[in-house]
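Here is a short briefing on one protein model.

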Amino acid sequence: MNTVQRHSPRSAMLRWWVLTLAALLLAGVTARLGAWQLSRAHEKERLQAQVQARQGEAALDSVELAAAGGAALHRPVMLRGQWVEGSTVFLDNRQMSGRVGFDVISALRLSGTEAVVAVQRGWVARDFGDRARLPELPAPAGEVRVEGRVAGEPARLFEFASTATGSGPSRIRQNLHLSDYADELGLALLPVTVQQTGPGGDGLLRQWPAADSGVDKHYGYAFQWFGLSALVMVLYVWFQIIRRFFRPGRQPAG
């Protein structure tokens, strides 16, 4: 005798409630995540507006930068000082205009103060025929004028622990940490760097990327979360309502 297993009305109703609550919960969580990403995007927009406002302020001179320190982040500067002898290092595997080379960093002793700041001077191509060969850069011995903007530490690339910055005296580095750089030089550096932007007559390229707060990334994540929330509700409506109660060709009970 064949037996047909049928769901009782009670079990069918329980299953419907479980699926409904699960769909509402998932849709609610994903919508909340989307709203959180939107709030993060708005925060980043405010930060970006602050950065742009600071970049439009009057340039700081050497004395003002020494006094402001980390509070001067993103401000333009017009500095005078002397390059610290033997302080130039080359950050390897840096790209500019689609080419690979070095970012050049030197320490600048600010005129009229005791402060020293690390200057990201620009980018230079490397000699791939002799990877140990460093480019010749002019190093004026007297006072120099440096135009730029205040930035944080240089961008870091992935490195193995055994090759970390500060582990040796090599002038070619993968990354540069200001604390290690200060220890090597025996100098107290400001907690910021300066990205040089003005012409220097030294052959270095200075096409630095604009400061990016990541607003577009958060908007993209928000779109994905809201899209997932909408998909959950569309699938729920289709399978639990339309297909269940409004199947095409379904005859009403007579």
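Trp-17 is partly exposed, because its relative accessibility is 45% (buried means under 20% relative accessible area, exposed over 50%, partly exposed in between, with a 1.4 Å probe and protein chains only). This is a predicted model, in which local features need pLDDT of at least 70 and side-chain atom pairs count only at pLDDT 80 or more, while totals for chains, interfaces and linings use all residues. Residues are numbered from 1 along each chain as its sequence is written, and side-chain values use heavy atoms, with hydrogens and water left out.

**Overall fold**

- The protein chain holds four helices and seven strands (DSSP runs numbered from the N terminus: helices are H or I with at least four residues, strands are E with at least two).
- Along the sequence the pattern reads α-α-β-β-β-β-β-β-α-β-α.
- Of the 254 residues in the protein chain, 35% are buried.

**Aromatic pairs**

- The whole structure contains two aromatic pairs (rings of Phe, Tyr and Trp, the last by its six-membered ring, with centres within 6.5 Å; planes under 30 degrees apart are stacked, over 60 edge-to-face, the rest tilted).
- Trp-16 and Trp-17 form an edge-to-face pair, because their ring planes stand at 80°, with the centres 5.0 Å apart.
- Phe-90 and Phe-102 also pair edge-to-face, at 5.6 Å between centres and 70° between planes.
- Phe-90 belongs to strand 2 (residues 89-96) and Phe-102 to strand 3 (residues 99-110), so this pair ties together parts 12 residues apart in sequence.
- Phe-90 and Phe-102 are both buried.

**Charges**

- Seven salt bridges turn up in a search of the whole structure (a side-chain nitrogen of Lys or Arg within 4 Å of a carboxyl oxygen of Asp or Glu).
- One of them joins Arg-121 and Asp-202, at 3.9 Å from N to O.
- That pair links distant parts of the chain, 81 residues apart: Arg-121 is in strand 4 (residues 116-125), and Asp-202 is in the loop between strand 7 (189-196) and helix 4 (215-245).
- Arg-121 is buried at 4% relative accessible area.
- Asp-202 counts as buried at 12% relative accessibility, and Arg-206 is buried too.
- Arg-121 also lies over the face of Trp-83, 4.6 Å from the ring centre (a charge sits over a ring if NZ of Lys or CZ of Arg is within 6 Å of the ring centre and within 35 degrees of the ring normal).
- Glu-153 and Arg-156 form another salt bridge, with their closest N and O atoms 2.4 Å apart.
- Glu-153 is partly exposed, with a relative accessible area of 33%.

**Largest pocket**

- The largest pocket has a volume of about 480 Å³ (on a 1 Å grid over the protein atoms alone, a pocket is an open set of points with protein on both sides within 12 Å along at least five of seven lines, where a 1.4 Å probe fits; lining residues have an atom within 4 Å of a point).
- That volume is the space filled by probe spheres set on the grid points, which are joined across faces, edges and corners.
- Its lining has 23 residues, and Gln-120, Ala-155, Gln-195, Trp-208 and Pro-209 lie nearest the centre.
- Strand 2 and strand 5 (144-151) are the elements that give two or more residues to this lining.
- The largest share, four residues, comes from strand 2.
- The lining divides into 12 nonpolar, seven polar and four charged residues (Ala, Val, Leu, Ile, Met, Phe, Trp, Tyr, Cys and Pro are nonpolar; Asp, Glu, Lys and Arg are charged; the others, Gly among them, are polar).

**Contacts across the sequence**

- Trp-36 sits in helix 1 (residues 9-55) and is partly exposed at 43% relative accessible area.
- Trp-36 and Trp-225 are 189 residues apart in sequence, yet 9.8 Å apart from C-alpha to C-alpha.
- Leu-110 lies in strand 3 and is buried at 1% relative accessibility.

**Positive phi**

- His-74 is not a glycine, but its phi is positive, about 80°.
- His-74 is in the loop between helix 2 (62-68) and strand 1 (76-83), and is partly exposed at 23% relative accessible area.
- Asn-93, in strand 2, has a positive phi near 60°.
- Asn-93 is partly exposed, with a relative accessible area of 36%.
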